[in-house]
Amino acid sequence: MQIIEIENRNAPLLGKLLNIWEQSVRATHQFLSEPEIRRIAEYVPAALREVPVLAAAENAEGEPVAFMGIAGNKLEMLFVSPESRGKGVGKRLILHAINRCGVREIDVNEQNPQARGFYEHIGFRICGRSETDDQGNPYPILHMRLPDASCLASAGAGEGGRPDNPEV
């Protein structure tokens with residue numbers, strides 16, 4: 001598996017990423033109703049086109065299995081296909097975001113405890129909370145920050161404090 005930064009955001013690729021987004025949301029965001037998922041899906045393609053840094057994890061066949069979007073030092077989105085969950089794909093993406101792109105902040109839905117636990121395992125800590133999401137919907141958001149680089153040791157670092165994926 002490799003991580004690539006996406007420059008050419010063509011329609012076929014965006015369609016694949018939208019499919020990953022939808023599958024991931026259905027697997028992890030049980031608090032969203034079907035109409036809400038359909039409503040949110042309408043603006044995902046624009047978000048994928050507009051996010052400054054878009055990167056994907058590709059399988060051996062060169063097909064995306066997960067993706068993330070970054071703006072400045074903030075991870076704006078990270079979605080992993082259900083069949084790739086639990087295989088280290090999300091961890092590889094977030095460590096790439098931290099080590100190569102300078103990510104230090106994320107927002108996570110409070111109603112998604114798996115995501116919160118994942119980011120806490122990486123080393124992020126809650127530094128604030130909002131009652132609503134960025135669109136004003138009643139989905140509380142936890143604002144998380146990476147306190148310092150030493151937090152990477154809690155992300156499954158191997159001997160010597162290095163992340164266990166030396167490519168990242």
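A nonpolar core here is a set of buried Ala, Val, Leu, Ile, Met, Phe, Trp, Tyr and Cys residues joined through side-chain atoms within 4.5 Å, where buried means under 20% relative accessible area (1.4 Å probe, protein chains only). Helices (H or I, at least four residues) and strands (E, at least two) are DSSP runs, numbered from the N terminus.

The model is predicted: local features need pLDDT of at least 70 and side-chain atom pairs pLDDT 80 or more, while totals for chains, interfaces and linings use all residues. Residues are numbered from 1 along each chain as its sequence is written, and side-chain values use heavy atoms, without hydrogens and water.

Centre on methionine 68. Beyond its neighbours within four places in sequence, its contacts (heavy atoms within 4.5 Å) include Val53, Leu75, Leu93 and Ala97.

Move to lysine 74, in strand β4 (residues 74-80). Leaving aside neighbours within four places in sequence, lysine 74 is in contact with Gly69, Val103, Glu105, Ile106 and Asp107.

Finally, display the whole chain, which has five helices and seven strands. Of its 168 residues, 44% count as buried.

Technical notes:
Buried < 20%, exposed > 50% of the residue type's maximum accessible area, 1.4 Å probe, protein only.
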